[in-house]
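Here are my notes on the model you sent over.

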Amino acid sequence: MPHWLRHSLRCRDDNYGHLLHDEATGTTLSVDAPDAEALMAALAERDWTLTHILVTHHHGDHVAGNLSLQKHFGCRIIGPAAEAEAIPGINQTVAGGSRFDLAGRTIEVLACPGHTRGAVAYYLAQEKLLLSGDTLFALGCGRVFEGTLTEMFYAVTQFAALPGDTALLCGHDYGWSNARFALTVEPGNAALQARMADYEALQAAGELAPLSTIAAERAANPFLRANAPEIRASLGLTKARDMEVFAELRRRKDGFRA
């Protein structure tokens with residue numbers, strides 16, 4: 001079966017817009033809907049008709065385009081049941097552990113409480129795609145607004161078990177800032193140093209960072225590396241549990257200014 005065609009674009013200031021299109025059926029997905037105008041322009045340029053929006057969580061910069069896109073295309077909006085009341089235009093609710101099919105592919109829903117209480121991610125095993133929303137970013141993870149640090153730890157670390165060549169489609173382009181923070185806790189990581197060089201060049205050119213993979217994140221993302229000796233030494237937590245290291249990383253990142 002052919003893979004989905006993919007297109008990623010900048011929406012708002014630093015949101016990603018992600019579009020997936022199946023040529024055989026015409027099914028076209030948007031991962032969240034940060035900006036209706038930007039997404040409609042990208043869809044028109046490719047002559048794609050939006051059929052579905054997969055919502056990861058209720059924050060305004062992820063659902064702002066829902067109603068405009070739904071009015072224009074008549075698209076179906078799928079999102080987490082725990083946040084249904086806060087998701088404009090929602091037609092179908094899902095929860096962690098549930099599965100549904102689109103265009104002959106199975107989409108698995110992963111529970112990701114932490115950033116928001118009902119946040120979810122979508123995993124397309126056949127396509128090797130993870131639609132992580134604001135739970136896992138390139139070289140970072142989301143802030144904890146509604147859940148707990150423990151919930152966020154388990155939400156993030158569940159992704160580390162996915163195949164390494166799984167592409168990460170996250171909600172924001174925070175790579176440059178995340179790399180700067182990561183180097184403060186693991187400056188000797190060669191993979192991280194290489195990523196920083198790439199991000200600096202992209203930042204200088206004003207270009208959107210390319211998608212990452214689970215393997216690349218396992219190698220350089222501090223929030224997936226709580227057991228790394230250099231990180232533990234940097235934090236003064238050499239004998240702490242991984243959860244405690246993760247929590248301290250998140251607290252320090254909250255106060256970090258790139």
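1. Ground rules. This is a predicted model, so local features need pLDDT of at least 70 and side-chain atom pairs count only at pLDDT 80 or more, while totals for chains, interfaces and linings use all residues. Residues are numbered from 1 along each chain as its sequence is written, and side-chain values use heavy atoms, with hydrogens and water left out. Helices (H or I, at least four residues) and strands (E, at least two) are DSSP runs numbered from the N terminus.

2. H5 against H9. Helix H5 (residues 175–185) and helix H9 (residues 242–254) have axes that come within 11 Å and cross at roughly 125 degrees. Axes here are lines fitted to C-alpha atoms, for helices over the stretch in contact, with angles running from 0 to 180 degrees between N-to-C directions. The classes are roughly parallel under 35 degrees, roughly antiparallel over 145, roughly perpendicular from 65 to 115, and oblique for the rest. H5 and H9 are therefore oblique to each other. Their crossing is right-handed, that is, the near helix is turned clockwise from the far one by less than a right angle.

3. Who touches whom there. On the H5 side the contact (heavy atoms within 4.5 Å) uses Ser-177, Asn-178, Phe-181 and Val-185, and on the H9 side Leu-249, Arg-252 and Lys-253. By type, the residues of this H5 and H9 contact are three nonpolar, two polar and two charged. For the bookkeeping, Ala, Val, Leu, Ile, Met, Phe, Trp, Tyr, Cys and Pro count as nonpolar, Asp, Glu, Lys and Arg as charged, and the others, Gly among them, as polar.

4. H4 against H9. How are these two helices oriented to each other? Helix H4 (residues 149–157) packs on H9 at an angle of about 105 degrees, with the axes 10 Å apart, so H4 and H9 are roughly perpendicular. H4 brings Leu-149, Thr-150, Met-152, Phe-153 and Val-156 to the contact, and these meet Asp-242, Met-243, Phe-246, Ala-247, Arg-250 and Arg-251 of H9. The residues of the H4 and H9 contact split into seven nonpolar, one polar and three charged.

5. Asp-173 is buried at 18% relative accessibility, and Arg-10 is partly exposed at 36%. The cut-offs are under 20% relative accessible area for buried, over 50% for exposed and in between for partly exposed (1.4 Å probe, protein chains only).

6. Arg-143 bridges to Asp-254, with the closest N and O atoms 3.3 Å apart. Here too distant parts of the chain are linked, with Arg-143 in the loop between strand E12 (140–141) and H4, and Asp-254 in helix H9, 111 residues apart. Both ends are partly exposed, Arg-143 at 35% and Asp-254 at 27%. Salt bridges that share partners also join Asp-22, Arg-105 and Glu-127 into one network. Glu-108 pairs with Arg-99 at 3.9 Å between the closest N and O atoms; Glu-108 is partly exposed at 22%, whereas Arg-99 is exposed at 58%.

7. Phe-137. This residue sits in strand E11 (residues 136–137) and is buried, with a relative accessible area of 4%. Leaving aside neighbours within four places in sequence, Phe-137 is in contact with Gly-142, Leu-168, Cys-170, Gly-171, His-172, Tyr-174, Asn-178, Glu-217 and Asn-221. Asn-178 also belongs to the H5 side of the contact with H9.

8. Positive phi. Most residues other than glycine have a negative phi. Lys-128 has phi near 55 degrees; Lys-128 lies in the loop between strand E9 (120–124) and strand E10 (129–133) and is partly exposed at 36%. Leu-139 has phi near 65 degrees, lies in the loop between E11 and E12 and is buried at 1%.

Conventions:
Salt bridge = Lys/Arg side-chain N within 4 Å of Asp/Glu carboxyl O.
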